[in-house]
Amino acid sequence: MNIILADNQDITRVGLIYVLQKMKHDEVNIVTDKIELIYRLKEDPKSLVILDYTLFDLNDASDVIILSQRFKGAKLVLFSEDLSVPFVRQILASIPKSSILLKDSPLFEIRECIKEAMLGQRYICQHAADMLLTSDNLQEETVKLTKTETEILKDIALGMTTKEIAAKRFSSFHTVNTHRKNIFRKLGVNNAHEATKYALRAGLVDEAEYYI
């Protein structure tokens, strides 16, 4: 089976290629953006895609879901350092052939996940399973935003565009867009309107400032 590795972290790519070669899977295509990924899937719509959503140019869960709906024969392994419970739930509910694998998973889980995914079976690593089970006993998941993410969330709530935020912070568009994507992922939302409502409800943004 053709395997597409969509991860922009060099050390992860090297490690996964090594694991896949040990598993006798030598046909691995590395892609660095969404356009390349779509091109490869057009060539082989039944590929296994190992994707780090947090490091790729996909804006939110809906982008991942749309991609999976376009290529229904593809199998997807979301392989990331940190995924929020709402995001994971949305992916699992919307994409039948999806698996969740966090980067702190032991080697045996990584191998097992790849094997199951290639057979079209869903696999959820122990860490992700524990996250889902724990959240069932909580009314609302605690959102942990960094200082920079909180500042950018405020700017989003005030209606600023990614380009405007980048200019204000003397940062690149790509850097701010990555922060924006991570904020949406952590909050489990799909757009700026939902992020703003969540932030106001959680007290992450001053309501008086928002309505100025």
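My entries on the pair and the two residues follow.

Ground rules first. I am working with a predicted model, where local features need pLDDT of at least 70, side-chain atom pairs count only at pLDDT 80 or more, and totals for chains, interfaces and linings use all residues. Residues are numbered from 1 along each chain as its sequence is written, and side-chain values use heavy atoms, with hydrogens and water left out.

Helix pair. I looked up H7 (residues 147-157) and H8 (residues 162-169): their axes come within 10 Å and cross at roughly 130 degrees. The helices are DSSP runs of H or I, at least four residues, numbered from the N terminus. Axes are lines fitted to C-alpha atoms over the stretch in contact, with angles from 0 to 180 degrees between N-to-C directions.

Who touches whom? From H7 I noted Thr148, Glu151, Ile152, Asp155 and Ile156, which meet Ile165, Lys168 and Arg169 of H8; contact means heavy atoms within 4.5 Å.

Asp155. This H7 residue counts as buried, at 5% relative accessibility (buried is under 20% relative accessible area, exposed over 50%, partly exposed in between, with a 1.4 Å probe and protein chains only). Beyond four places in sequence, Asp155 contacts Met160, Ile165 and Lys168.

Ala166. I found this one in H8, buried at 5% relative accessibility. Setting aside residues up to four places away in sequence, Ala166 touches Ser171, Ser172, Phe173 and Val176.

Key. Helix = DSSP H or I, 4+ residues; strand = E, 2+ residues; numbered from the N terminus.
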